[in-house]
Amino acid sequence: MKEGESIELFSWHAFKQASPREDFVELSRNVIRYSSGLPLALEVLGSYLFDMEVREWKSILEKLKRIPNDQVRKNDDTKREIFLDIACFFIGMDRNDVIHILNDCGLFAENGIRILVERSLVTVDDQNNLGMHDLLRDMGREIIRTKSPNEHSRLWFEEDVLDGTKAVEGLTLMLPKTNTKCFNTTTFKMMKKLRLIQLANVDGYFKNLSSDLR
């Protein structure tokens with residue numbers, strides 16, 4: 001994000017207004033530089049710093065300096081990946097099962113899902129199943145769809161699954177019980193990043209699958 005956009009996004013969370021308070025301007029710029037303008041990092045840090053005094057900000061910024069910037073980037077990207085995985089594959093599934101699957105994929109899912117729930121991006125019902133507003137689900141999937149076809153990281157339409165590329169990390173192919181099609185997995189040979197797969201009523205010879213599958 002551009003600096004002006006980053007400051008505005010951060011300010012809405014840290015001050016509940018479009019710009020920093022006068023005595024927090026330079027401190028806010030320090031936060032922007034530290035977070036590299038990453039939206040999720042700005043939102044999380046802004047919400048955390050909200051209603052704190054200048055001395056508290058300075059103390060927290062000193063602590064943040066001990067954490068490498070790339071760790072903040074990884075933290076932000078991890079939550080983004082968890083959000084996209086849920087939007088594409090895990091709505092309606094048990095929270096603990098999803099945490100187990102995503103942890104095996106190298107994501108810190110328990111903490112990530114907790115933060116997504118706190119930010120109302122994901123819900124958990126009384127049966128411990130994950131949910132998401134239809135609009136948020138569609139927005140998440142649109143993030144994938146707006147990329148060129150050979151860069152789609154997640155697939156959920158049958159025609160897309162058959163034309164998957166090396167960018168694919170996850171796919172779902174849930175066919176009706178009346179399905180009579182038979183698939184082979186030669187199309188999976190190029191999917192070296194594939195880590196998540198959901199199949200239902202799919203017949204075929206399943207070879208060439210990535211060793212990273214969960």
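Helices (H or I, at least four residues) and strands (E, at least two) are taken here as DSSP runs, numbered from the N terminus. The structure is a predicted model, in which local features need pLDDT of at least 70 and side-chain atom pairs count only at pLDDT 80 or more, while totals for chains, interfaces and linings use all residues. Residues are numbered from 1 along each chain as its sequence is written, and side-chain values use heavy atoms, with hydrogens and water left out.

Helix α3 is followed by D51, whose phi is positive, near 70°. D51 is a residue other than glycine, and its place is the loop between α3 (39-49) and α4 (54-64). Burial is described by relative accessible area: buried means under 20%, exposed over 50%, and partly exposed in between, with a 1.4 Å probe and protein chains only. The accessible areas themselves come from the Shrake-Rupley method, and for residues only the protein chains shown count as cover. D51 is exposed, because its relative accessible area is 63%. Within α3, by contrast, the buried residues are L40, A41, L42, E43, L45, G46 and L49. One of them, L45, counts as buried because its relative accessibility is 13%. The C-alpha atoms of L45 and V31 are 8.0 Å apart in space, with the two residues 14 apart in sequence.

D51 also takes part in a feature of the surface. Together with E22, D23 and E53, D51 forms a patch of negative charge. Such patches are made of residues with over 30% relative accessible area and no salt bridge, with like charges joined within 9 Å and nonpolar side chains (Val, Leu, Ile, Met, Phe, Trp, Tyr) joined within 5 Å. Lys and Arg count as positive and Asp and Glu as negative, while His and the chain ends are not counted. The place of a charge is taken as NZ of Lys, CZ of Arg, CG of Asp or CD of Glu. E22 lies in the loop between α1 (3-14) and α2 (25-35), and counts as exposed because its relative accessibility is 77%. The loop between α1 and α2 also holds K16. K16, a residue other than glycine, has a positive phi, near 60°. With a relative accessibility of 48%, K16 is therefore partly exposed.

Charged pairs come next. Side chains of opposite charge can pair when their charged atoms come close. A salt bridge is defined as a side-chain nitrogen of Lys or Arg within 4 Å of a carboxyl oxygen of Asp or Glu. Nine salt bridges are found in a search of the whole structure. One of these joins R154 and D85, with an N to O distance of 2.8 Å. This pair links distant parts of the chain, since R154 belongs to strand β3 (residues 154-155) and D85 to helix α5 (residues 69-90), 69 residues apart. R154 is buried, because its relative accessible area is 2%, and D85 is buried with a value of 0%.

Another salt bridge brings together R137 and D134, at 3.5 Å from N to O. Both residues are in helix α8 (residues 134-145), and because they are three residues apart, about one helical turn separates them. R137 is partly exposed at 24% relative accessibility, as is D134 with a relative accessible area of 47%. Elsewhere, salt bridges with shared partners connect E3, E26, R29 and R33 in one network. Within that group, the side chains of E26 and R33 meet at 3.3 Å, N to O. E26 counts as partly exposed because its relative accessibility is 44%.

In soluble globular proteins, nonpolar side chains tend to be buried together. A nonpolar core is a set of buried Ala, Val, Leu, Ile, Met, Phe, Trp, Tyr and Cys residues joined through side-chain atoms within 4.5 Å. The largest such core has 23 residues, of which I82, I86, F90, L102, I113 and M132 touch the most other members. Two or more residues each are given to this core by α5, α6 (95-104), α7 (109-118) and α8. Helix α5 supplies the largest share, eight residues. N129 is found in the loop between β1 (123-124) and β2 (130-131), and is partly exposed at 22% relative accessibility.

Note on methods: Accessible areas come from the Shrake-Rupley method with a 1.4 Å probe; for residues, only the protein chains shown count as cover.
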